[in-house]
Amino acid sequence: MRGIIGLILAGLGAFLILVAVLLPTWVVSRVVKFPLNEYQTATLEATNASYFSVASLTEKTGVTLEATYTIKGDGSAGNSSTAVWNEFSYVYDLTNHKAVEQTSRRFAFNRRTGQLVDCCGASVNGDKSVRQYGLIGYVFPIGTQKQTYQVFNTTLKKTEPFVYSGTANVGGIQAYEFVENIPPTETTTQTLPGSFVHSSAASVTLGEYDAEHVIYYIDPETGALIDVNEQQSTTLRTSATAAPSLVGFDADLVATPATLATVVGLDSSGRRELTLLDTTLPIVFGVVGGIALLAGIFLNRRPHEDAAELDDVSAQAAA
């Protein structure tokens, strides 16, 4: 009986040690993924912002804007390796109580790396011809590194570099800071009445230029975007170096305190789950497995070996 118990304990101990080794390596790499059925809303605000109102055909300045971003996962379209999410954004003028703009995006991406996948009806504002590639942006790879990442920009319809620039404490989480800088870049042209830009001509055609300075704060463990600062400017001008003839949009958007608290809370929960799988359980299984293995080896020893050791001890004591 003693030998059977010893074998069972030794087998159990070896199994637990194996689990302790596999949990932070093989198991975590296959279990820890971005969710299929994600649902999250974030709100950003900008004060002293400007935009051109199509409704009134006038430029609004010194206003407060609220941008609401909603992410909703399409679980039925995803699978074990790929997630499909829909994103809707809505910008509202809190000062004049007017809608400013709405955008939409559908994208598929790898559930561990955050790399975009060209499938599943992906689109930007309903345009399925736009090929999305690079990083999704809303999430970075699980286990984010201190390096430059290429993130898809929906305005320019191509990737732009987000350069690692240091660390920052966001709600108690040591986040990596990545910065995107885009100088005025022409995206299209617009033809409008000359009077809009103080021209005597009946109509003028100007280039539409987009400029951005965006800071992402990423939790390197989970790959989650936990804070953001978006400075974006859209202007009409004759060239990239010319003075703007008309401001289409100019705002410095930052996350509201309520949004920041919610996102940090969700990320902290994810960090705890990851720590449980990656650190806590491997240590517990390793320690318990080691004890069980040693106990099994001891119990599986033959009785006469124990008696011989006792005789040796008695002889040494007598001497």
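Reader: What makes the meeting of C120 and R106 a polar contact?

Author: In this predicted model, the backbone oxygen of C120 lies 2.8 Å from a polar atom in the side chain of R106. The limit for such a pair is 3.5 Å, so 2.8 Å is within it and the pair counts as a polar contact.

Reader: Let's pick D74. Why is D74 with R106 called a salt bridge?

Author: Check the distance: the closest N and O atoms of D74 and R106 are 3.0 Å apart. The rule asks for an Arg or Lys side-chain nitrogen within 4 Å of an Asp or Glu carboxyl oxygen, so 3.0 Å passes. As for the background, side chains of opposite charge can pair when their charged atoms come close.

Reader: How do you know that the D74 and R106 pair links distant parts of the chain?

Author: D74 and R106 are 32 residues apart. D74 sits in the loop between β2 (58-73) and β3 (82-93), while R106 belongs to strand β4.

Reader: How many salt bridges does a search of the whole structure find?

Author: Two. Besides the D74 and R106 pair, the side chains of K158 and E160 meet, N to O, at 2.4 Å. That is within 4 Å, so K158 and E160 also make a salt bridge.

Reader: What makes K158 partly exposed, and what makes E160 buried?

Author: K158 has a relative accessible area of 35%, which lies between the 20% and 50% cut-offs, so K158 is partly exposed. E160 has 11%, and 11% is under 20%, so E160 is buried.

Reader: Why are β7 and β8 said to pair?

Author: Strands pair if at least two bridges are found between them. The hairpin has four residues between the strands, and K157 takes a positive phi near 60°.

Reader: And what makes β8 and β9 a pair?

Author: Seven bridges, in the antiparallel sense; at least two are needed, so they qualify. A168 has A175 in β9 as its bridge partner. In that hairpin, with two residues between the strands, G171 is the one with a positive phi near 60°.

Reader: Where is I136, and what makes I136 buried?

Author: I136 is in the loop between β6 (123-124) and β7. Its relative accessible area is 1%, and the cut-off is under 20%, so I136 is buried. Leaving aside neighbours within four places in sequence, I136 has contacts including W85, F107, F109 and V151. From I136 to Q150, the C-alpha atoms are 9.2 Å apart, across 14 residues of sequence.

Reader: How much of the chain counts as buried?

Author: Of 319 residues, 39%. The chain exposes about 16,800 Å², with carbon and sulfur atoms supplying 58% of it.

Key: Residues are numbered from 1 along each chain as its sequence is written. This is a predicted model: local features need pLDDT of at least 70, side-chain atom pairs count only at pLDDT 80 or more; totals for chains, interfaces and linings use all residues. Side-chain values use heavy atoms; hydrogens and water are left out. A polar contact is a pair of N or O atoms within 3.5 Å; within protein, one must be able to donate a hydrogen and the other to accept it, and residues adjacent in sequence count only if both atoms are side-chain atoms. Buried means under 20% relative accessible area, exposed over 50%, partly exposed in between (1.4 Å probe, protein chains only). Contact means heavy atoms within 4.5 Å. Accessible areas come from the Shrake-Rupley method with a 1.4 Å probe; for residues, only the protein chains shown count as cover.
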